[in-house]
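Trainee: Could you take a close look at one part of this model with me, and then show me how the elements around that part are arranged?

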Amino acid sequence: MSRTPQGQRASLDKQPHEVAAMFDGVAARYDLTNTVLSFGQDRFWRRATRSALELRPGDRVLDVGAGTGVSTEELAHSGAYAVGADLSLGMLYAGKRTRPQVPLLAGDALRLPFADASFDAVTISFALRNVNDTDAALRELARVTRPGGRLVVCEFSTPVNPAFRTVYLSYLMRSLPAVARTVSSNPDAYVYLAESIRAWPDQEALAARVGAAGWGRVAWRNLTGGVVALHRATRE
Ligand SMILES: C[S@@+](CC[C@H](N)C(=O)[O-])C[C@H]1O[C@@H](n2cnc3c(N)ncnc32)[C@H](O)[C@@H]1O
């Protein structure tokens, strides 16, 4: 964990206590910072995630790494019963204050507090990248999903157009941390955000890892030119 006058950020080995402490520090202004840094695209990404999950009224859906519940709340618009789990108590408390109607509980993506096959669908938005064992998290998501159930991973990815990719990486590494200093309660977390996105597998590599973790029919769809990718799969 690095500590600077700007706050604190986790290192890329993503120790759970460091990740949780870093998100505790961003919780107060998390939702606003997201919308500012993504130019409002976050709302579109969340709606696309809900749509890709093909939820039906009465389905049970688990949102892992739910944070303040902003992603969980969107899922409930389908009529499904949506519950969120997160490692950071600071994020969960912020969510309890702003969205008291959203069920949120403490839980680690690597050891979810649910029985096997409890959910019709599971999803994880902008959180898989922060878990220190991606493959184990994907297997744990499969464990709590019923056979035939759906997975959608919504995560930053690799823009497909090379010119756009160059501009985007420059925004990520230079402008984004600077803008975060004006809005976030823990700007250093946004340096980690930029570093962790750069180190994250591209669309094809992530699809291979999803397929190796007990999921079938893996496919992905790029959003915003590949800034974000939705990986969709079915529990075998
Ligand atoms: C960038 S936020 C995403 C929040 C929300 N899903 C959204 O779409 O805005 C990432 C969240 O993942 C959580 N997280 C990181 N590692 C986790 C783990 N091992 N288990 C559960 N949550 C985790 C963090 O605490 C944080 O709240």
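**A helix and its surroundings**

Mentor: In this predicted model, helix α5, which spans residues 89–98, has Gly90, Met91, Leu92, Ala94 and Gly95 as its buried residues.

Let us follow the strands first. Strand β4, made of residues 81–86, runs parallel to β5 and is joined to β5 by three bridges, and within this pairing Gly84 stands opposite Leu104 of β5. Both strands belong to an open sheet of seven strands with mixed pairing, in the order β5-β4-β3-β6-β7-β9-β8. Its edge strands are β5 (104–106) and β8 (215–223), each of which pairs on one side only, and neighbouring strands in the sheet are turned against each other by 20 degrees on average, with direction ignored.

Other helices meet this sheet as well. Helix α3 (residues 41–53) packs on it, touching β3 (60–64), β6 (119–125), β7 (145–156), β8 and β9 (228–235), and the direction of α3 makes about 160 degrees with that of β7. Helix α6 (residues 134–143) lies across β3, β6, β7, β8 and β9, and runs at about 145 degrees to β7.

Together with Leu32 and Val179, Val36 forms a nonpolar patch on the surface, and the three residues have about 200 Å² of accessible area together.

Conventions: Residues are numbered from 1 along each chain as its sequence is written. This is a predicted model: local features need pLDDT of at least 70, side-chain atom pairs count only at pLDDT 80 or more; totals for chains, interfaces and linings use all residues. Side-chain values use heavy atoms; hydrogens and water are left out. Two strands pair if DSSP finds at least two bridges between them. Helices (H or I, at least four residues) and strands (E, at least two) are DSSP runs, numbered from the N terminus. Axes are lines fitted to C-alpha atoms, for helices over the stretch in contact, and angles run from 0 to 180 degrees between N-to-C directions. Contact means heavy atoms within 4.5 Å. Buried means under 20% relative accessible area, exposed over 50%, partly exposed in between (1.4 Å probe, protein chains only). Patches are made of residues with over 30% relative accessible area and no salt bridge: like charges are joined within 9 Å, nonpolar side chains (Val, Leu, Ile, Met, Phe, Trp, Tyr) within 5 Å. Accessible areas come from the Shrake-Rupley method with a 1.4 Å probe; for residues, only the protein chains shown count as cover. A salt bridge is a side-chain nitrogen of Lys or Arg within 4 Å of a carboxyl oxygen of Asp or Glu.
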